[in-house]
Amino acid sequence: MKDTRLLAVWCPDWPVIAACTATGTAPHVPVAVVDGNEIVSTSAVARKEGIRRAMRRRAAEAMCPELITFEHDPQRDARFFEPVAEAVEELAPGIEVVQPGLVAVPAQGPVGYFGSAEQAAERIVDHVASRTGTEAQVGMADSLFGATKAAHRNVIVPPERTAEFLAPLGVHELDAPELVDLLRRLGLKTLGAFAEVPENAVASRFGGPATRQHRLARGLPERPLDKRRPAPELAVTETFDEPVERIDAAAFAAKILSERLHENLAARGLACTRLGIHARTENDEELGRVWRAAEPLTPRGIADRVRWQLDGWLTRERLTSGIRTLTLEPVEVVNGTALQLGLWGHDDERAVRALLHVQGLLGPDGVLTGVIDGGRGPKEQVRLVPWGDERTPVAHPDHPWPGRLTRAPATLADDPAELKDSEGAEVGVTGRHELTARPKTLTVRGRTREITAWAGPWPVDERWWAPDPHRAARIQVQTNDQAFLLIRRDQRWFLEGVYD
């Protein structure tokens, strides 16, 4: 039986380390990296001040006025991680970059060479520290997910004990916020409790994405091992007239070649899970790196990893010339349905193939899907993302958007409306956010209905600091046959949505 154990090398707080390295920031000050308005990574010093991930930026700065913040920049993270990846590869050839700050390699090679897992881990940690000055931790387990969690804890998990190691960990270890929230509400708070649920029950109740998370919780690989071997013609190569030496030129080359690779895969209904990036410089220097993804790579995901890798190579001091030839090779592929399941409540392979084909013709932004996200109004709660890209909401489930509607309407609209009282006078909203009279009738789209119940109003007070603040008020009304969401702005009523 083939040894599938993986060794993971993890650099804690890597986004913070990369940002500090890029800016020359001292390591003894509190530092955080933010994505939008949310903390995504903190330094040890910041954590001692109470700063945590998922905390709002304003709250963090109020708690620690000395906090230094940097914007999240995956390209910066990848650029400064390349020397660390090279250091690991010197002792463990065949590494695969999972993300900046984390690499994985089959454990059999380094363990066999150094004599034991513990000795291999010790040598790699020492070598990374001496070559790059970076602190690293090593974990080993039977799956990538298990090895990553083991590296977070600096643990070597014995063979066939990965499920036992994962069992007491919280379900928040899964990178699936919506599923995690649902599991908690169902009382399944640990990975072990989730793993005990029968797989067929998970598949029928939650669908394909949850089934893959269920495999992770059980200590199994994220996908079964019978992955299909990529055909040689799937690889794409570009030889440049002028050697690529600048980052902007590298970004353009990455986008063009990534789209070609995606078209090749889409035409066959495939998606890439391990991407090989190979380059040859004008002076015949050969460069290569494999990126591993837990989920099938979308077109944007391919382009991002190629751009990050080229940035890392081009900024190396020992690279003597620009890149002349670039090749992208799908090292591992799966069926294209793995990109996104349950489009209409079931897994329709024909629909997925059609969308992949359209996306291959029109580009990543040619097919968009909606994600329920942060925002107060119903329109603001929907964000369009390219089909196949990560559909995780930006708004954290534990931090509901202030003033957010608890129930959004099924159908959105923006039609003028009239709301009148029993005397036929228009109903307005006072400065104290109260209705001027009890609403009696609603007229919209040429039809007048009698109101049987209503709720609100709820004020909408946004951009209060700006010269032109946005102030409005919403109200829900119920008629004999329908429920409506109205908004009053500029002294007029508008229909904003219709409830089923």
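## Aromatic pairs

Searching the whole structure turns up three aromatic pairs; rings of Phe, Tyr and Trp (its six-membered ring) pair if their centres lie within 6.5 Å, and planes under 30 degrees apart are stacked, over 60 edge-to-face, the rest tilted. This is a predicted model, where local features need pLDDT of at least 70, side-chain atom pairs count only at pLDDT 80 or more, and totals for chains, interfaces and linings use all residues. Residues are numbered from 1 along each chain as its sequence is written, and side-chain values use heavy atoms, leaving out hydrogens and water.

Take Trp14 and Phe81: their ring centres are 5.3 Å apart and their planes sit at 75 degrees, so this pair is edge-to-face. It links distant parts of the chain, with Trp14 in helix 1 and Phe81 in helix 4, 67 residues apart. (Helices are DSSP runs of H or I, at least four residues, and strands are runs of E, at least two, numbered from the N terminus.) Both Trp14 and Phe81 are buried, meaning under 20% relative accessible area, while exposed is over 50% and partly exposed is in between (1.4 Å probe, protein chains only).

Tyr113 and Phe114 are edge-to-face too, at 5.0 Å centre to centre and 90 degrees between the planes. Tyr113 counts as exposed because its relative accessibility is 68%; Phe114, at 11%, counts as buried.

Eight of them form an open sheet with mixed pairing, in the order 7-1-6-5-10-9-11-8; two strands pair if DSSP finds at least two bridges between them. Strand 7 (137–141) and strand 8 (236–244) are the edges, each pairing on one side only.

Strands 9 and 10 run antiparallel, joined by eight bridges. Arg274 stands opposite Arg292 in strand 10.
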